[in-house]
Structure formats: structure tokens, C-alpha cells
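Student: Can you walk me through this one? I'd like to start with the helices and then get to the side chains.

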Amino acid sequence: MFETYKIMSAKLKPELQEKELEELCEMYCRETSATKRNDIYRTMYCKLFPMMLSVQKNYPMLSNDQRVEVTMMILISTLRCYGNQKGTKSKFSTYYCTNLKNGMMTQINSLHCNKR
């Protein structure tokens with residue numbers, strides 16, 4: 001996870017770092033340029049990294065690669081879903097944390113299924 005964080009934090013845009021998560025999420029949903037979306041994604045990943053570490057340490061049965069994959073994919077899906085919901089009462093970080101925990105459990109459950 002730390003290698004991914006180093007890669008992501010190397011190209012952060014200073015103007016995006018000062019924005020709130022909810023504001024970044026709205027920008028991500030409105031943006032059509034892939035490079036700007038990637039900049040927003042990197043910023044959100046770095047801002048949420050401490051929370052990702054605290055959640056992923058509860059799932060030691062997953063490999064580091066699996067945990068990184070889940071955190072990245074859940075962040076993308078959460079960005080897409082959160083921005084499309086109107087009148088959301090929860091903060092983005094709470095919504096992402098819940099989705100991340102569910103994603104980790106889904107990954108663990110798929111490991112226990114022999115036929116998949």
C-alpha cells in the first residue's frame with residue numbers, strides 16, 4: 001500500500017489538495033477529461049490513505065496486492081455512486097469507509113468459495 005501511496009503522492013496538484021472530499025467528488029463527476037479525473041482520484045486516494053490503512057489492517061488474511069486492488073476499485077465506484085446521489089446525508093469519508101469494509105468482506109468471502 002505504501003508503494004502505491006508514494007506513486008500517487010508524487011504527482012499531486014496543490015490546487016486540489018486544499019479542497020474538501022465532497023467538493024472533489026462533485027468535480028470528478030462533472031469532469032470529462034481523463035487526466036483531470038486522474039488528478040482528482042490521486043488527491044482523494046492520498047487524503048483517504050490513513051483511513052484506508054486503519055481499515056485494511058483488520059483484514060490480514062488478504063495479500064497486500066488484494067488490499068490495494070480493493071481500496072482502489074472501491075474508491076472509483078464510491079466516487080461514481082456518491083456523486084450521483086442527491087441529498088446524501090453522510091460524508092464521503094463515511095460512505096467510502098463503509099463501502100471499503102464491505103469490499104474487503106466480499107473479497108474474503110470469494111476466497112472461501114472453491115467453485116469460483
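Student: Before that, what kind of model is it, and how are residues numbered?

Tutor: This is a predicted model, in which local features need pLDDT of at least 70 and side-chain atom pairs count only at pLDDT 80 or more, while totals for chains, interfaces and linings use all residues. Residues are numbered from 1 along each chain as its sequence is written, and side-chain values use heavy atoms, with hydrogens and water left out.

Student: Fine. At what angle do α1 and α4 pack?

Tutor: Helix α1 (residues 2-9) packs against α4 at about 150°, and the axes are 9 Å apart. Helices here are DSSP runs of H or I with at least four residues, strands are runs of E with at least two, and both are numbered from the N terminus. Axes are lines fitted to C-alpha atoms, for helices over the stretch in contact, and angles run from 0 to 180 degrees between N-to-C directions.

Student: So what orientation does that make α1 relative to α4?

Tutor: Roughly antiparallel. The cut-offs are under 35 degrees for roughly parallel, over 145 for roughly antiparallel, 65 to 115 for roughly perpendicular, and oblique for the rest.

Student: Is the crossing of α1 and α4 left-handed or right-handed?

Tutor: The crossing of α1 and α4 is left-handed. That term applies if the near helix is turned anticlockwise from the far one by less than a right angle; clockwise gives right-handed.

Student: And how do α3 and α4 cross?

Tutor: The α3 and α4 axes cross at roughly 155° and come within 9 Å, so α3 and α4 are roughly antiparallel. Their crossing is left-handed.

Student: What about α4 and α6?

Tutor: The axes of α4 and α6 cross at roughly 50° and come within 11 Å, so the two helices are oblique to each other. The crossing of α4 and α6 is right-handed.

Student: Back to α3. Which residues are buried there?

Tutor: In α3 (residues 21-30), Leu 21, Leu 24, Cys 25, Met 27 and Tyr 28 are buried. They are on the same side of α3 because they cover an arc of only 160° around the axis. The arc is taken from the directions from the helix axis to the C-beta atoms. Buried means under 20% relative accessible area, exposed over 50%, and partly exposed in between, with a 1.4 Å probe and protein chains only.

Student: What sits over the ring of Tyr 28?

Tutor: The charged end of Arg 37, 4.3 Å from the ring centre. To count, NZ of Lys or CZ of Arg has to be within 6 Å of the ring centre and within 35 degrees of the ring normal.

Student: New topic: how many aromatic pairs are there?

Tutor: Six aromatic pairs. Rings of Phe, Tyr and Trp (its six-membered ring) pair if their centres lie within 6.5 Å; planes under 30 degrees apart are stacked, over 60 edge-to-face, and the rest tilted. One of the pairs is Tyr 45 with Phe 49, tilted, at 6.2 Å centre to centre and 40° between the planes.

Student: Why are Tyr 45 and Phe 49 about one helical turn apart?

Tutor: Because Tyr 45 and Phe 49 are four residues apart in α4 (residues 34-56). Tyr 45 counts as buried at 0% relative accessibility, and Phe 49 counts as buried at 6%.

Student: Which residues form a cluster with them?

Tutor: Phe 2, Tyr 5, Tyr 45 and Phe 49 form one aromatic cluster.
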